[in-house]
Amino acid sequence: MITVEEAQGILRAAAVRTRTEPVRLERALGRVLARDAVSKIFMPPFDKSAMDGYALNSKDASSRFRVIEMIPAGVVPARIVRKGECSKIMTGGMLPRGADVVVRKEWTVEEDGRMRIARPDDGPNVCLKGEDVRPGDAVLKRGARIRPQEIGILASLGIGTVATYVPPSVAVIATGSEIVEPGRPLRPGRIYDSNSYSLAAQAVTCGALVKIRRRVADRPALIRKTIADALDRCEMVLISGGVSVGDLDFVPGILRELGIGLKFEQIAVQPGKPTVFGTRRGKIVFGVPGNPVSTFVIFEVFIKPVLMRMMGLEEAPIFVRAALEKDLVRKKTERAAFVPVRVRDDAVIQLDYHGSAHIQALSRADGLLYIPEGHSGYGAGSRVDVRLF
Ligand code: AMP
Ligand code: MG
């Protein structure tokens, strides 16, 4: 058995394959940039009015200004603004030569083609050419996730196609003769398969492509065939159930038969101790214990970072620090623990949590509280770090 930190070290050291491809902006959401996005243009591309108003020279102390032109957005001004003159300008309009400020319309009076300033303006109300971005600026870095705001940024720079990492393909296999497809009747002794759905959803949330989601009974030949097929078609294979010490826990043996080099078979962690991890020719395989909270937590803590790397994502988990509402103490300390908790108004709130089968607790949880190996927990009021989902 290895520690959480050792397991994380092994996973960080595992080589993963990444491929890149160009995609059009409308298909880029959720992808990860495979190259820095470098601007070819100035932003703004010209000195631009930030207001509807009158463009004039700030040194001009005239009491009235003759309005010489009207400048809508998108039009190049025809006239130079001289002493005693101004040009009416719309938001986004190009500042005319001779002017360096815009007086907002609301603070002026215009009569008979002349403008008078009723109240002095406090700002230049001009966005200068290149004040946001200059040509050659790496506006977005390789490894950044493309969210709606990045889509907007890329579009604003005129970049219509970006180099991105290809989302890894994932297979999810739920083993267990007792598990039943949701929607079907539940016979005595059976339970619904939640893991194939939750694991697939977790992988999709990371941006992966789930190509296979399958249930398979605890029959070695079937499990073997299903895993072999998944390995042919997908880059990562996630298997739930059948990894523990029971008579029907066939998965680790089958993985060995299939030539997968197992890098670990147990982690000193609760929940999720019998987690197995192996590789074969660049393909990644995880076997996780079948209890739904174990499956979920092991994905969050151990599988997600590997999947993120396969996506090209260089992103660390987000932690928040807050005070524990009540004592959180445990008797057994030989394993590290991840406890689902809720974070509200600077307080870490413990949930009604009955253990690794109690998946309902996860719906009220915002993240996981880590208790290291050998540590009995924390007292009320302690400031603790919660790893957000
Ligand atoms: P196992 O890891 O196969 O020993 O399963 C541990 C526990 O998790 C058992 O109570 C199983 O019935 C349950 N379990 C296994 N697979 C699933 C699944 N796909 N969805 C929900 N529960 C499961
Ligand atoms: Mg089982």
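This is a predicted model: local features need pLDDT of at least 70, side-chain atom pairs count only at pLDDT 80 or more; totals for chains, interfaces and linings use all residues.

Visitor: How is the packing of two helices described?

Guide: Two packed helices are described by the angle between their axes and by the distance between those axes. In this model, helix H3 (residues 195-206) packs on helix H6 (residues 292-310) at an angle of about 25°, and the two axes lie 10 Å apart.

Visitor: Which word describes the relative direction of H3 and H6?

Guide: Angles under 35 degrees count as roughly parallel, and H3 and H6 are therefore roughly parallel to each other. Their crossing is right-handed. On the H3 side, the contact is made by Asn195, Leu199, Gln202, Ala203 and Cys206. On the H6 side, the contributors are Pro292, Thr295, Phe296, Phe299, Glu300, Lys304, Leu307 and Met308. Sorted by class, this contact of H3 with H6 holds eight nonpolar, three polar and two charged residues.

Visitor: At what angle do H1 and H6 pack, and how far apart are their axes?

Guide: The angle between H1 and H6 is about 15°, with the axes 10 Å apart. That angle makes H1 roughly parallel to H6. The crossing of H1 and H6 is right-handed. From H1, the residues Val4, Ala7, Gln8, Leu11, Arg12 and Ala13 meet Val301, Phe302, Val306 and Arg309 of H6. This contact of H1 with H6 divides into seven nonpolar residues, one polar residue and two charged residues.

Visitor: Let us turn to empty space. What shows where it is left?

Guide: Rolling a probe the size of a water molecule over the atoms shows where empty space is left. In this model, the count comes to one cavity of 30 Å³ or more. The largest cavity holds about 40 Å³ of space.

Visitor: Which residues line the largest cavity?

Guide: The lining consists of Arg17, Thr18, Arg19, Val166, Pro167, Pro168, Glu235 and Met310. By class, four of these lining residues are nonpolar, one is polar and three are charged.

Visitor: How much space lies in the largest pocket, and which residues are closest to its centre?

Guide: The largest pocket contains about 860 Å³ of space. It is lined by 45 residues, of which Pro271, Asn291, Ser294, Gly355 and Ser356 are the closest to its centre. At least two lining residues come from each of strand E13 (169-175), strand E15 (191-192), H6, strand E23 (328-329) and strand E24 (336-344). E24 gives the most to this lining, with five residues. The class counts for the lining of the largest pocket are 20 nonpolar, 16 polar and nine charged.

Visitor: What can be said of the second largest pocket?

Guide: About 660 Å³ of space lies in the second largest pocket. Among its 24 lining residues, Lys304, Met308, Glu315, Ala316 and Pro317 lie nearest the centre. Two or more residues of this lining come from each of helix H1 (4-13), H3, H6 and strand E28 (383-388). H6 supplies the largest share, nine residues. The lining of the second largest pocket has 14 nonpolar, three polar and seven charged residues. Lys304 and Met308 also belong to the H6 side of the contact between H3 and H6.

Visitor: Finally, the backbone. Where is the cis peptide bond with omega near 0°?

Guide: The bond from Gln270 to Pro271 is cis, with that omega value. Pro271 sits in the loop between strand E19 (269-270) and strand E20 (276-280), and Pro271 is one of the residues closest to the centre of the largest pocket. The peptide bond from Met43 to Pro44 is cis as well, with omega near -10°. Pro44 is placed in the loop between strand E2 (37-38) and strand E3 (48-49).

Visitor: Which residue has a positive phi although it is not a glycine?

Guide: That residue is Asp112, with a phi of about 50°. Asp112 lies in the loop between strand E8 (108-111) and strand E9 (114-117).

Terms used. Residues are numbered from 1 along each chain as its sequence is written. Chains are lettered from A and ligands numbered from 1 in the order in which they are written. Side-chain values use heavy atoms; hydrogens and water are left out. Axes are lines fitted to C-alpha atoms, for helices over the stretch in contact, and angles run from 0 to 180 degrees between N-to-C directions. Helices (H or I, at least four residues) and strands (E, at least two) are DSSP runs, numbered from the N terminus. Angles under 35 degrees count as roughly parallel, over 145 as roughly antiparallel, 65 to 115 as roughly perpendicular and the rest as oblique. A crossing is left-handed if the near helix is turned anticlockwise from the far one by less than a right angle, and right-handed if clockwise. Contact means heavy atoms within 4.5 Å. Ala, Val, Leu, Ile, Met, Phe, Trp, Tyr, Cys and Pro count as nonpolar, Asp, Glu, Lys and Arg as charged, and the others, Gly among them, as polar. On a 1 Å grid over the protein atoms alone, a cavity is a set of points where a 1.4 Å probe fits but cannot get out, and a pocket is an open set with protein on both sides within 12 Å along at least five of seven lines; lining residues have an atom within 4 Å of a point. Grid points are joined across faces, edges and corners, and a volume is the space filled by probe spheres set on the points.
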